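Work through the exercises below with the sequence and the model open. Each task is followed by a stepwise solution.

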Amino acid sequence: MKTTETPAPVPAESGAAVTKAGAPGGGEPARHKREGTVLNVFSHGILVIWAIMVVMPLVWAVMTSFKDDASIFGSPWSLPDTLHFDNWSRAWTQAHMSDYFLNTVLVVGGSLVGTLVLGSMAAYVLARFDFPGNRFIYYLFIGGMSFPVMLALVPLFYVVNNMGLLNTIHGLILVYIAYSLPFTVFFLTAFFRTLPSSVAEAAFVDGASHTRTFFQIMLPMAKPGLISVGIFNFLGQWNQYMLPTVLNTDEDKHVLTQGLVQLAVSQGYKGDWSGLFAGLVMAMLPVLAAYIVFQRQVVQGLTAGALK
Amino acid sequence: MQHGKYRFIVGFLTVPLGLYALFVIWPFIQSIYYSFTDWTGLSPDFAMVGFDNYERMLDDDIFWKSLQHSLLFALLLPVVTIGLALFLAFMINVGGRRRRGGPVISGVRGSAFYKIVYFFPQVLSIAIVALLFAFAYNPDSGAINSVLRAVGLDGVQPLWLGDPDLALWAVMAVLVWSTVGFFVVLFSAGMASIPADLYEAALLDGANRVTTFFRVTLPLLWDTVQSGWVYMGILALGAESFAVVQIMTTGPGGPDYSTTVMVLYVYQKAFRDGQAAYATTIGVALLVVTLAFAAVVMKLGRRERLEY
């Protein structure tokens, strides 16, 4: 930050301009211009350095996924001699990446739909209807956002086990939904409150039931909010690691994140690092690609909650 | 709107609330209860033991180490991450070269590009990020040490995750790397909504950019900074620190307990050592720390809301 301060004492010919009383004098634009240029170079420098620090590890991973094991260890930063696509096919089939992908798609697909349907139902009722206990239920949901999940996971393991849901896809879906509800309800309650009530009242006067009003009028009106919270939940559930690590210990049912960690352990014994890197990149690229395409919506979805 | 109102409310709330109560609320209550028993988790039998678990916890050196590390995570990570993010966001939004006739303060060229790139780690799973850096930290073939060798620092080849004095910092750096981008984007959105007149007035009054930042930008962003602080602290105490420590460190939690954190210790006691009751006791301590942290930040950070 030093560079931005240095110009301050310099302008002898325009000393007045720096004081509080001074209207912009003759030297003022020049001072600003110099300060602007120095700052500009400085800030670009800093920003480029951080951009490199963010991108380099990702580039390194992509490069490594195309190399053979010998060159991974010999020269970590060299370009691959030839593109070893066999790493990728080995990871996809032998290392079960295809299974992990399928499991993740099933779990996240089911939980995302469930979270949005159940979350918007609860949020709509809490936002639009007065009844005894409304506030209590609302805060019960909100409280879930700040409690450490791990505390609940110890008994939850046995709850899930007793219900016969341990190591099942549908059991994992139900748990994902339950733990996604606090933020979803919080976000959508605020959203439903901003929607005009006149439309719903008109529909009701026309003889539509509450349920029909909700599904045919309110839900379509809430689409922007549903998209934001949907993206938030999609990324959270796709990237979830703690819940499946505790509740999904059967290797055949592993989701991507735990599958990769499992792979890192087992490939460690086999020494197949290139296969592991191929798996890592395979898991990374679809999310990054989706982010680049839907960049604006993703940023909106993820920052929406914090700006409220 | 009264017709069938309560039937509708009950119909819409039962499923979400039931799911939430069963998988979130009930386990939380249970785990507080279990912390007063000698339940192993392996057999259904247990007896009440009063405060025995809590006494044991106070004598447990590893618990104190994990508490110390968790507190360090909760206090230091938000400071570093949010500080760095504010700095980068300020550079993006204010570091621009002044164009003739343009506003006094403008964003750098390519600000959209920086924001897109900085956000990359946010869409990746923390598990994938942790795995990637576990390899980057590898002392022999990792990306980091080979960069050091390439620039002639052959003598500086730290063991990173293998060095008890360095491991914790290496792990924390990964969390900073993966979360800064989110806050840069969040704060940028906040900064962009601050009216340009305020900056112009400050500059006319002779304030330099550093003063402008502390006197204009930061106070107007305070609400966002504060909620970001709580959010980051809760992550650093919970899911994120679990993933990085469990995946990256030897043991996990090592070497020599130098990286163990409370959330990992709960997991290990419950699912590795078969001491479910003691695990919930540590979990209750984690709950207390989390709530205390949120309360302190909210209280210290409270100031009058500035309207603009």
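**Exercise 1.** Is Asn167(A) buried, partly exposed or exposed?

*Solution.* This is a predicted model, in which local features need pLDDT of at least 70 and side-chain atom pairs count only at pLDDT 80 or more, while totals for chains, interfaces and linings use all residues. Residues are numbered from 1 along each chain as its sequence is written, and chains are lettered from A and ligands numbered from 1 in the order in which they are written.

Step 1: take the cut-offs. A residue is buried if 20 or more other C-beta atoms, placed from the backbone, lie within 10 Å of its own, exposed if 12 or fewer do, and partly exposed in between.
Step 2: apply the count. Asn167(A) has 18 other C-beta atoms within 10 Å, so Asn167(A) is partly exposed.
Step 3: locate the residue. Asn167(A) sits in the loop between helix H8 (149-162) and helix H9 (169-194) of chain A; helices are DSSP runs of H or I with at least four residues, strands are runs of E with at least two, and both are numbered from the N terminus.
Step 4: check the backbone. The phi of Asn167(A) is near 60°, a positive value in a residue other than glycine. Most residues other than glycine have a negative phi.

**Exercise 2.** Find the burial class of Trp160(B).

*Solution.* Step 1: count. Trp160(B) has 22 C-beta neighbours inside 10 Å and therefore counts as buried.
Step 1: locate. Trp160(B) lies in the loop between helix H7 (143-150) and helix H8 (167-192) of chain B.
Step 2: check phi. The value for Trp160(B) is near 50°, positive in a residue other than glycine.

**Exercise 3.** Describe the contact of chain B with chain A.

*Solution.* Step 1: count residues. Chain B gives 87 residues and chain A gives 84 residues; two residues are in contact if their C-beta atoms, placed from the backbone, lie within 7 Å.
Step 1: find the main contributor. Helix H1 (residues 5-34) of chain B supplies the largest share of its side, 20 residues.
Step 2: sort by class. The side of chain B that touches chain A holds 62 nonpolar residues (Ala, Val, Leu, Ile, Met, Phe, Trp, Tyr, Cys and Pro), five charged (Asp, Glu, Lys and Arg) and 20 polar (the others, Gly among them).

**Exercise 4.** How many helices and strands does chain B have?

*Solution.* Step 1: count elements. Chain B has 13 helices and zero strands.
Step 1: Of its 308 residues, 48% count as buried.
Step 2: get the extent. The C-alpha trace of chain B spans about 80 × 75 × 30 Å along its principal axes.
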